[in-house]
Amino acid sequence: MVAIITGDIINSENHNSSEWLGILKDYLSKLGNSPIDWEVYRGDEFQLKIAKEDALQAAIHIKALVKTVKGLDVRMGIGLGSETFKGVGVSESNGPAYHRSGRTFESLKEDKLNLTIATGNGFFDDTLNLMLKLALHFMDDWSTVSAEIIVLALDSPNASQREIAKKLDIQQSAVSQRQKRARLDLVLELLEYYSKTLKELN
């Protein structure tokens, strides 16, 4: 079982691609090789194949990275399942994971949502998507500063507030305030719940 993330950049037409493309590609390059594991195509769309355990964290990481650019956001559909055909690139591969990712991605605009998941299990899909819908209430509103603090937390999960403060050249109390404003605690709880859910799915 693998996870496929299909996404596109919201408001990309109002921004020069140099503002976000390098950031996105740099992160995707850390997760795998292009084009077999990820591709950016049609200007502002992308697809990523990743281990199912890492899918939600990668999606939230991508969202935070893109939102460090003022005015931008990202829509993503995550599909879990098998890969029955491996093409020369991820966009040419196929299987239930790809179908689920594509279908959830296509429904995002109509549902006015920016992140959904399809696991193939109706109960888990309902539960996870309700949690994502609630989380999007604050994640969609992340400022560039909140997005940056989430990126740092996900990049260096063991870094102390003091270490982050030094990196950003701000007071430790400011790091704490930014993490609270970004609701980092809820993001980490959501990721923990996702991990537990996957164990029951297996």
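This is a predicted model: local features need pLDDT of at least 70, side-chain atom pairs count only at pLDDT 80 or more; totals for chains, interfaces and linings use all residues.

How many nonpolar, polar and charged residues does the lining of the largest pocket have? I got 8 nonpolar, 5 polar and no charged residues. My classes: Ala, Val, Leu, Ile, Met, Phe, Trp, Tyr, Cys and Pro count as nonpolar, Asp, Glu, Lys and Arg as charged, and the others, Gly among them, as polar.

Residues are numbered from 1 along each chain as its sequence is written, and side-chain values use heavy atoms, with hydrogens and water left out.

**The pocket**

I had to check what a pocket is: on a 1 Å grid over the protein atoms alone, it is an open set of points where a 1.4 Å probe fits, with protein on both sides within 12 Å along at least five of seven lines, and lining residues have an atom within 4 Å of a point. The largest pocket holds about 160 Å³ of space, a volume being the space filled by probe spheres set on the points, which are joined across faces, edges and corners. Of its 13 lining residues, Ala153, Ser156, Pro157, Leu184 and Leu188 lie nearest the centre. Helix 5 (144-155), helix 6 (161-168) and helix 8 (184-201) each supply at least two lining residues, and helix 8 gives the largest share, 3 residues.

**The whole fold**

I found 8 helices and 5 strands; these are DSSP runs numbered from the N terminus, helices being H or I with at least four residues and strands E with at least two. Along the sequence the pattern reads β-α-β-β-α-β-α-β-α-α-α-α-α. The C-alpha trace spans about 50 × 40 × 30 Å along its principal axes.

**One residue up close**

I picked Val74, which sits in strand 4 (residues 73-81). Is Val74 buried or exposed? Val74 is buried, because its relative accessible area is 0%. Leaving out residues up to four places away in sequence, Val74 touches Asp8, Ile9, Ile10, Phe46, Ile62, Lys63, Val66 and Asn114. I also looked up Ile60: it is 14 residues from Val74 in sequence, and their C-alpha atoms are 9.9 Å apart.

Note on methods:
Buried means under 20% relative accessible area, exposed over 50%, partly exposed in between (1.4 Å probe, protein chains only). Contact means heavy atoms within 4.5 Å.
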